[in-house]
Amino acid sequence: MIKNRIDRLRSLMAERNIDTYIIPTADFHESEYVCAYFQARKYMCGFTGSAGVLVITRTEGCLFTDGRYFIQAERQLQDTSVDLYRSGEKGVPSLVNLVVDKTPENGCVAFDGRVINAKLGQEIEEKTAHKSIRIRFEEDLIDLIWEKRPPIHFSPIWHLEEKYTGKSVEEKLKELRSKMQEHGADVHVLTSLNDIAWLYNMRADDVPNNPVAMAYTVVYADKAAVFLHSGSLEKEMEQVLAEAGVAIFEYEDFYTYISEHRSEFEKVLIDPGNINYVTWKILETDTEPVLHSNPTIHMKSIKNQTEIKNITAAHIKDGAAVTKFMYWLKSNIGRMKITEMSATEELLRLRSGVEGFIDLSFDTIAAYKDHAPMMHYSATPETDAELMEEEMFLVDSGGHYYEGTTDITRTFVLGDITEEMKLHYTTVVKSMLRLSKATFLYGCTGLTLDVLAREPVWNLYLDYKCGTGHGVGYLLSVHEGPNQFRWKSAAGNGAGCVFEPGMITTNEPGIYIEGSHGIRIENEILCIEKFDDGQDKYLGFTPLTFVPIDLDGVDVRYLDVSDIAALNEYHKAVYETISPYLNAEEKKWLAYYTRPL
């Protein structure tokens, strides 16, 4: 099936004299997660991960993806004739360098310009110029191949009230216009879905597990226009937009609008990494682009006091649900049949019963034994493993609530584990605790802080091939920038962002041994101010996640006195925070699993 689709694509390429065709993981808005209509890369090669770019030449297929997906991609690409390129690994070319290398002199590179970001498109232009390579971006060839392609999904668009957001649309627009003025721009074209949803306090369900509406917006100094599926707008949301001076247009009219109005845009603020190539090609003519990251990215990353209060409440409710799940799992393993999928269903049942629950924040990762080294493993009926009273079970999950978004990973010990597994488990716990307890001068970035978590793992001559943590949105994407923990910088990964009080970031180190086991322990942590004498300001973190760390995997021989103290302190807080939401039997169990070591 995959081979047939690639053959059909190559036939279309030959008819159009195209030598190289690029298929990314993106929609028209450069989203990380996309609805079924935009899953072209998956359709063409079978790889289901959330990150990856497929390159098809006349004779080769090349999939680029990151360290989270190396094992998964290798398995899913078997028998497809598509080769895996492990991005960031030694000796692996960059995507653009491969495109340049594989495309002949005077050849042609093509892609759907609506799903390639402007920054990547510009880089392809620049690096192919010396070979006189033509760029075609006007046609979606996959649409000509994909039979019964799902439609773009539009869902009801509703207003998230100010008691949750802490700021009105008018306040947010005022702040954004101030940022535009700082950059010398009179117009801002904003196309990223999470930024638009945050700006207008609107939520929807157009993208799975990501409560956003398919939309574009153009913000002027004194007015704004939003482009969305107007038939989906609930009355309250329509009224909120009208009161904020936001004119409503149809989603499909965006390109026509900016084409017809670009002569009015003197200096237009655009983020090349977050607008698509078609939008860029329209705006580069007759305007003076001001190139800068979307101000809303940083604005929404710093949660206000209302949001922090709500998020704290969401994590307590979510923590109680996950703690009940751990109790259920530990009490029933070996007594009833439990599989990866049935455990996932039980966790969803517990979360669904929580007041304010809306949806999962991502598809639950429930990975037993040697499935766990695949960092984003997804169980299917064919792979669904039965859990036994042995080894470990990794569960990475989260929920969307009106009060915010959660993301938590716990690795549960179900029975006997090897000494190596116990060393690895305890090391991951140590890594998570050491970053959580950091105190640092204002000005530090994720590049500065990442080593606190990674060093214990590096001391074993191991590495987890991905970042240590990412920002989390407020009832938005579970992956939000710019705050991240990474040990090295790469274009656009946000690792150079200075941490600010109010930023929420995951702390999720791990150890993954292919063919054996995978361990990840993840809390969300809130950046706070700890000390300021007027000269120096020191920041730190406080945990938002309160769920026991499975002590059955911890060996105190591998912990320092300070590590043991930190773990005991955390578990004391878990008991005090979560026990009021449990019954007597669950409280007794929790007391044991949060006992001081």
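Lys148 is exposed, with a relative accessible area of 84%. The model is a predicted one. Lys148 sits in the loop between helix H6 (141–145) and strand S7 (158–159). Its phi is positive, about 55°, although Lys148 is not a glycine. Most residues other than glycine have a negative phi, and most peptide bonds are trans.

Asn201 also carries a positive phi, about 50°, and is not a glycine. Its place is the loop between helix H9 (193–199) and strand S9 (202–203). Is Asn201 buried or exposed? Asn201 counts as buried, because its relative accessibility is 2% and the limit for buried is under 20%.

The peptide bond from Gly481 to Pro482 is cis. Its omega is near 5°. Pro482 belongs to strand S23.

Strand S23 spans residues 480–485. Of its 6 residues, 5 are buried, so the strand is largely enclosed by the rest of the structure. Its partner is strand S22 (residues 469–471), joined to S23 by 3 bridges. The two strands run antiparallel. Within this pairing, Gly471 faces Glu480 of S23.

Lys267 stands opposite Glu288 in S14.

## Aromatic pairs

A pair of aromatic rings is described by the distance of the centres and the angle of the planes. The model has 32 aromatic pairs. In one of them, the rings of Phe111 and Tyr277 have centres 5.5 Å apart. Their planes meet at 75°, so the pair is edge-to-face. This pair links distant parts of the chain, 166 residues apart. Phe111 lies in the loop between strand S5 (108–110) and helix H5 (118–128). Tyr277 lies in helix H12 (residues 277–283). Both residues are buried.

Trp589 and Tyr593 form a tilted pair. The centres are 5.0 Å apart, with 35° between the planes. Both residues are in helix H19 (residues 584–593). They are 4 residues apart there, so about one helical turn separates them. Trp589 and Tyr593 are both buried.

## Aromatic cluster and charges over rings

Which residues form one aromatic cluster? They are Phe154, Tyr216, Phe227, Phe249, Tyr251, Phe254, Tyr255 and Tyr257.

Charged side chains also sit over rings. The charged end of Arg5 is over the ring of Tyr43, 3.7 Å from the ring centre. Lys172 lies over the face of Trp198. Its distance from that ring centre is 4.2 Å.

## Cysteines

How many disulfides does the model contain? The count is 0. For Cys62, the closest cysteine sulfur is in Cys45, 11 Å away. That is too far for a bond, because a disulfide needs the sulfur atoms within 2.5 Å. Cys62 is buried, with a relative accessible area of 0%.

Cys527 is in no disulfide either. Its nearest cysteine sulfur is that of Cys497, 9.6 Å away. Cys527 counts as buried, at 2% relative accessibility.

## Annotated domains

UniProt, in an unreviewed entry, places "domain: Creatinase N-terminal" at residues 5–128. In the model, this span is 35% helix and 18% strand. Its end C-alpha atoms lie 27 Å apart.

The unreviewed UniProt entry also gives "domain: Peptidase M24 C-terminal" at residues 537–597. Over residues 537–597, the chain is 46% helix and 11% strand. The end C-alpha atoms of this stretch are 34 Å apart.

Methods:
Residues are numbered from 1 along each chain as its sequence is written. This is a predicted model: local features need pLDDT of at least 70, side-chain atom pairs count only at pLDDT 80 or more; totals for chains, interfaces and linings use all residues. Side-chain values use heavy atoms; hydrogens and water are left out. Buried means under 20% relative accessible area, exposed over 50%, partly exposed in between (1.4 Å probe, protein chains only). Two strands pair if DSSP finds at least two bridges between them. Rings of Phe, Tyr and Trp (its six-membered ring) pair if their centres lie within 6.5 Å; planes under 30 degrees apart count as stacked, over 60 as edge-to-face and the rest as tilted. A charge sits over a ring if NZ of Lys or CZ of Arg is within 6 Å of the ring centre and within 35 degrees of the ring normal. UniProt positions are given in the numbering used here, feature names are shortened, and annotations may be inferred rather than shown by experiment.
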